[in-house]
Amino acid sequence: MGKLLVGFVLLSCLYLQSAMSRFVVEKNSLTVSSPDSIKGNHDSAIGNFGIPQYGGSMAGTVTYPKENRKGCRKFDEVGISFKAKPGTLPMFVLVDRGDCFFALKVWNAQNAGASAVLVADDIDEALITMDTPEEDSASAKYIENITIPSALISKSFGEKLKKAISDGEMVNVNLDWRESVPHPDDRVEYELWTNSNDECGVKCDMLMDFVKNFKGAAQILEKGGYTLFTPHYITWYCPQAFTISKQCKSQCINHGRYCAPDPEQDFSTGYEGKDVVIENLRQLCVFKVANETKKPWVWWDYVTDFQIRCPMKEKKYNKDCAEAVIKSLGLDLKKIDKCMGDPNADSDNPLLKEEQDAQIGKGSRGDVTILPTLVVNNRQYRGKLEKGAVLKAICAGFEETTEPAVCLSDDVETNECLENHGGCWHDTIANATACKDTFRGRVCECPLVDGVQFKGDGYTTCEASGPGRCKINNGGCWHETRNGQSYSACSDSGNGKCACPPGFKGDGVHSCDDIDECKDKKACQCPECSCKNTWGSYDCTCSGDLLYMRDHDTCISKRVAEAKSAWTAFWIIILCLAVAAAGAYLVYKYRIRTYMDSEIRAIMAQYMPLDNQNEVVNHVSEDRA
C-alpha cells in the first residue's frame, strides 16, 4: 500500500511539474576582493536554512580545511577550529558537496566557529537551492539551531578558490544580500505557501511554529498598511486515468482536480488527503471573507486557533471544530460556506484553480515546488523560516527611509484584544476576558480576577475555581433574590460544581426550581398538620392549641410544650445556682488560703531576725588573754 501511495503521489507531481517546469534559484552577490587573480563578482545560491542577512552584507576570509573537507564530521574531532582571532575578519569555510546533507555541513562548521559556509558543487551544472532534508527527525534537531548564512557556488569557482588558498593567498570575499529582495516602494507584498496538515513531519512543525510566532508582527504590518499579505496553498491533481481509483477518491475533491497526500501515508487509518484539501480551501475562504471586510489579518488568528484547537492527534481536525473557531472570530460562516462550494461537484473550484495557476512562476519568481515557501516582492525567500529572519527579509523590501517602526525597533506591541476580545472567552458581567496581548500576538488564557483563578480552554469556556469563586458572578452558578431572601447554587466549600441549595432542585447552573415539600409530602405530614409551601421553604401549622415541632415533624399540646418549657426553665435555674455556688466556694477557699498564708508569714517574721544577729563579744576571755 505504501509503494502504491508513493507511486501515486510521484505520478501526480510529475504531471504537475510537466506543466510547471521553471525553477528560479534565489541568489546573492559574492564579491572577491583579493587576490587579484579571481577578483570580481560571482553568483551563489542562498541556502534554504540558516539566517541570510537580508538587507545587509558580510565580509570575511575564506578557509579550506585540510581534513574533513566535505564537512560531514565534527571538526573538533580532527582538531580544527574556525574561530576568528581578535582584530581579524570572520572565517568563511569552504566545503565540498557530497556524502551528507547540506545542512549537516553548515551545522558542523558553525559549531567549529565559522561565520558563513560556502559549498562547492562537485559537478558542472546550474546552481540549485540547498534545501533541508525531507522527513528527517534527527536532522531537525540541528537545522532549527543553524544561525549562520550559507550559499552554494559553482564547481569552477570553487576550484579557483581552492587553488588560491593552496598557493598561500589570502582570499577575502564579501557576501551581499542587499539586492536579494527588490525594494521599489514603501509597501512590501509577500505571500506564504502553506498547508493545514499538521501531521506531515518536521517541516509542518516548523511551519506551524513560524505562523504562531510571526502572527503579531504580521498583523501590525498589515493593519498599518505597510504590507500586502496573501496566503496560498499547494494542490496537485490526479491524472485522468486514475480519477475513479480509491487513491484519487480519498485524496482529492472535485473528481480528482484538487488533491493532497494522505496525512498518515496510510489509506486505511486516520484522515484522508481530501480532508486536508477541504480545510485548505476553508482557510482560503476565511482569508477572502476577512479581506472583504477590510480585516485580512484575521486569517492569522484563524490559522493559529485552528492549529491549537483542532489538531489531528486529538481527532478534532473537522468541520465542527473549524466552524467553532470561525464563530469565535466573528466571521460570516454562511459566506465562507458559499465560497467553498461543493467538493463533490464535477467542475472547477474557482479559488483552487487560481491556486494551481499561481504555483507557476511569473517574472522573476520561480515555480513553487518547496513547502513551505515565502515570497517577498515576487522573490522567493531562502533561509530559516523564523520570525526574526523573515522580518528582516520583509524589511529589506521597503524603499530606503520608508521602513515602518517595527523594522527599526524590537518593541512590537499588539492590541488584538481591543476588538471582540480577540475571539477569546469573555464574561461581560464579571468584566473578565481570556485575551492577552503578547509580543507574538494575542493568546487565549483563562484570567486571574480579584484573586480568583479561572480554568478552561480560554476560547469557549473559563470557570471560576477555588476559594472566593462565588464572589465572581456567583461562580457562574444560578442565583436569585425574592422578597429580600437570596439563594445561590455556588459554594466555596464545594468541589467547584454548582449545586442547588436545600429546598431547590435543578442543574445549579441555569435553573434551580423551588421544591414543593407539601405536594411531594417531604414535610408536615403529621395528622394534625396543615402545610403551606413558600419559596425555598414551607410553613406548617397545627390544628387547635397544638404546636408544630419542625425537627420531629410532629404536633404537641401547648400545655405539654409549656410544661416542658417550665421544667426546662427550672433546670436551667438550678444549673445556674449550682454553677454560682461552685464559684463562690472556690473564691472562699482561695481567700481563706491567702489569709492563712499572710498570718504565717507575719509570725515567722518575728523570729527570723534572731538568727541574723552578730555573735556577742566575750570580754572575759579578752581580759584573761
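## Helices H7 and H11

Helix H7 (residues 273-292) packs against helix H11 (residues 350-358) at an angle of about 95°, and their axes lie 10 Å apart. H7 is therefore roughly perpendicular to H11, a label used for angles of 65 to 115 degrees. The axes are lines fitted to C-alpha atoms over the stretch in contact, with angles from 0 to 180 degrees between N-to-C directions. Helices here are DSSP runs (H or I) of at least four residues, and strands (E) of at least two.

On the H7 side, the contact (heavy atoms within 4.5 Å) is made by Val277, Leu281, Leu284, Cys285 and Lys288, while H11 brings Leu351, Leu352 and Glu355. These residues divide into six nonpolar, no polar and two charged.

## About the model

This is a predicted model, in which local features need pLDDT of at least 70 and side-chain atom pairs pLDDT 80 or more, while totals for chains, interfaces and linings use all residues. Residues are numbered from 1 along each chain as its sequence is written, and side-chain values use heavy atoms, leaving out hydrogens and water.

## A three-stranded sheet

Now to the strands: an open, antiparallel sheet has the order S18-S19-S20. Strands pair if DSSP finds at least two bridges between them. S18 (448-449) and S20 (463-465) are the edge strands, each with a single partner, so one side of each has no neighbour in the sheet. S18 is joined to S19 (residues 452-455) by two bridges, and Leu448 has Gln453 of S19 as its bridge partner.

Note on methods. Parallel < 35°, antiparallel > 145°, perpendicular 65-115°, else oblique. Nonpolar A, V, L, I, M, F, W, Y, C, P; charged D, E, K, R; others polar.
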